[in-house]
Amino acid sequence: MLIGEDPDGDGYTVRTQQGQPIVIGRPAPSQYPSDAHEIRQRFNIPAFDPEAFYRRTGAALSGVYPDMLIHIEDAADGPDTVTSPKASLTLIEAPKGSGKSTAIDQFATYQMEHNGERIVRNGRQQSSDWRRLRDWTTLWLPEGIDVNGRWMEAVDRDAPTPEELVRAVRYYTDVFDLIEQLQDHPKGTFNVVYPDPLFRGCERAMAIPDTTTEQPKFTPQGEDKPTPVVHWWFGFLAARTFRGTRVDSDGDRNWMTVYIDEFGMLAPESTSGGEAGHWTYECVEIMSDTAKEMRSAGVSLVGAAHHEEDVHNHWLKEFDYWVELSNRERPNRTTKAETPKPFRGLKQDQNLFASRPPGYGLCYTESRFSEFQFTDLGYPHETPEFQFRLSVPESAAEDESDDAVQVATDEAGQPTIVEEYTAVDGAVHELRVLAPGSGLIDIGGDEPEIVESPSSPYPDGSFPDSPLRETAEGYELLFERAAGEIIVAARVSHH
């Protein structure tokens, strides 16, 4: 296939204002549409009309929804419904089944189209929710880190690689290098960024804000008690806020909106500080102060969580906008006691969600709110869900717990090579190799027994010919990394 050729043969992904310079390296002809226009065409997303949100008697409308989406330098430059220019902070409270990922993709599309914004969406090793927009995605990966893909559904195809799934793949060396590259990237683009498990540049970035908080430390993956990889986003937001260019070379504001899904994992309410808590509390304190500077720097943040209680109150108080999505089960807030703390002054006494199916939402500030609707987009190309895991997993931890079985896990506590399975009646107790690998090890007897020979879930690793090793405490299931290093995929204690 020639470079720049559209793999689908339908004119998408390359022949756009953004696709041509990214893939071909040349400016696009003026008649080429934008990425956002193509996305709307592909998914039948209606054009966004900010003027439709004027306050009207008997309607749950106001300009607050356009205010949240559209970022402009001065209110006089935009629609009459946009009265709060500059960047903004928004929390989406979205219960399961409410269409959170769909709403995020539609919000991003409107911002790309109306603001020429560079959208950044967080890549997570447990999910590929962003795959709907993969044809327009530039994927940003940390340089020098192994990336292993696997399908999360049973499919008859090889493991996915980044280059096969997105329009372009770029690599960065640290958070400051990433910021510089993103600023040179075309406006109106959709960018998925995977955090660097080595946290390069993060401590330097977090030292820039002038705060009295003790400076957090970041421990790379592979070392003792590593920092959760999601903490990388603290460093990225600080680097973009304080070292990013605020005005582009064309004289326009350098707008960027950062979407962070599962926001409660970044700033949990139950967080602790210091070394034992991975300095999370200190990071949250620094970022709550940094939030004030983000607005001036043209950086908007949209966090998504299932519940308000998932997110630390130091950060909650900084949000300008709140979005709730309907799922037919959880009503919208109708009393002052229920309303999020920053918005207790809002008078909202009707349960609008009682009669609304998924696809409806409320956007509000402390004084006004808008009801809006978004489209059920689906997933094109029959693209199964997949995972990109950065770096090969480490050995199963040796700890002093009473658990008879320990398996290697990632920073979120998810199994990385094998998982433990126990039948309800206890008749079956085994280790199962994660897909796309295969294999079963029966651990219900006095010693483990290989029922089905294990094959690796990763293309650059394998199980040894004799994967079980007996120790004084029990047995270890061994896994060999590509470089020949033997790690422990699971430990099974003596009964």
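Predicted model: local features only at pLDDT ≥ 70, side-chain atom pairs only at ≥ 80, totals over all residues.
**Ground rules**

I number residues from 1 along each chain as its sequence is written, and side-chain values use heavy atoms, with hydrogens and water left out.

**Entry 1**

Buried is under 20% relative accessible area, exposed is over 50%, and partly exposed is in between, with a 1.4 Å probe and protein chains only. This core has 48 residues, and those with the most contacts inside it are Tyr-65, Ile-92, Phe-107, Trp-130, Leu-139 and Phe-372. Elements giving it two or more residues include helix 3 (64–69), strand 3 (137–142) and strand 12 (386–390). I take helices (H or I, at least four residues) and strands (E, at least two) as DSSP runs, numbered from the N terminus. Helix 4 gives the most to this core, with 6 residues.

Next I checked Phe-372. Leaving out residues up to four places away in sequence, its contacts (heavy atoms within 4.5 Å) include Phe-53, Tyr-65, Phe-107 and Leu-362.

**Entry 2: helix 6 against helix 8**

How are two packed helices described? By the angle between their axes and the distance between the axes. Axes are lines fitted to C-alpha atoms, for helices over the stretch in contact, and angles run from 0 to 180 degrees between N-to-C directions. Helix 6 (residues 175–184) and helix 8 (residues 232–243) pack at about 55°, with axes 9 Å apart. I therefore call the pair oblique; under 35 degrees is roughly parallel, over 145 roughly antiparallel, 65 to 115 roughly perpendicular, and the rest oblique. On the helix 6 side I found Leu-178 and Leu-182 among the contact residues, and on the helix 8 side Trp-232 and Ala-239 are included.

**Entry 3: helix 2**

Is helix 2 mostly enclosed or open? I found 7 of its 9 residues buried, so it is largely enclosed by the rest of the structure. The buried ones are Asp-35, Ala-36, Glu-38, Ile-39, Arg-40, Arg-42 and Phe-43. Helix 1 (19–24) and helix 4 are included in what covers them. The axes of helix 2 and helix 4 come within 8 Å and cross at roughly 140°, so this pair is oblique too. Just after helix 2, Asn-44 takes a positive phi of about 55°.

**Entry 4: single residues**

Phe-199 sits in the loop between strand 6 and helix 7 (202–206). Its phi is near 55°, a positive value in a residue other than glycine. At 5% relative accessibility, Phe-199 counts as buried.

Trp-279 has a positive phi of about 60° and is not a glycine either. I found it in the loop between helix 9 (263–266) and helix 10 (280–296), and at 10% relative accessibility it counts as buried.

Last, I checked Ile-441 in strand 16 (residues 438–442). Ile-441 is buried, at 1% relative accessibility. Neighbours within four places aside, its contacts include His-429, Leu-431, Ile-450 and Leu-477.

Notes
Core = buried A, V, L, I, M, F, W, Y, C linked by side-chain atoms within 4.5 Å.
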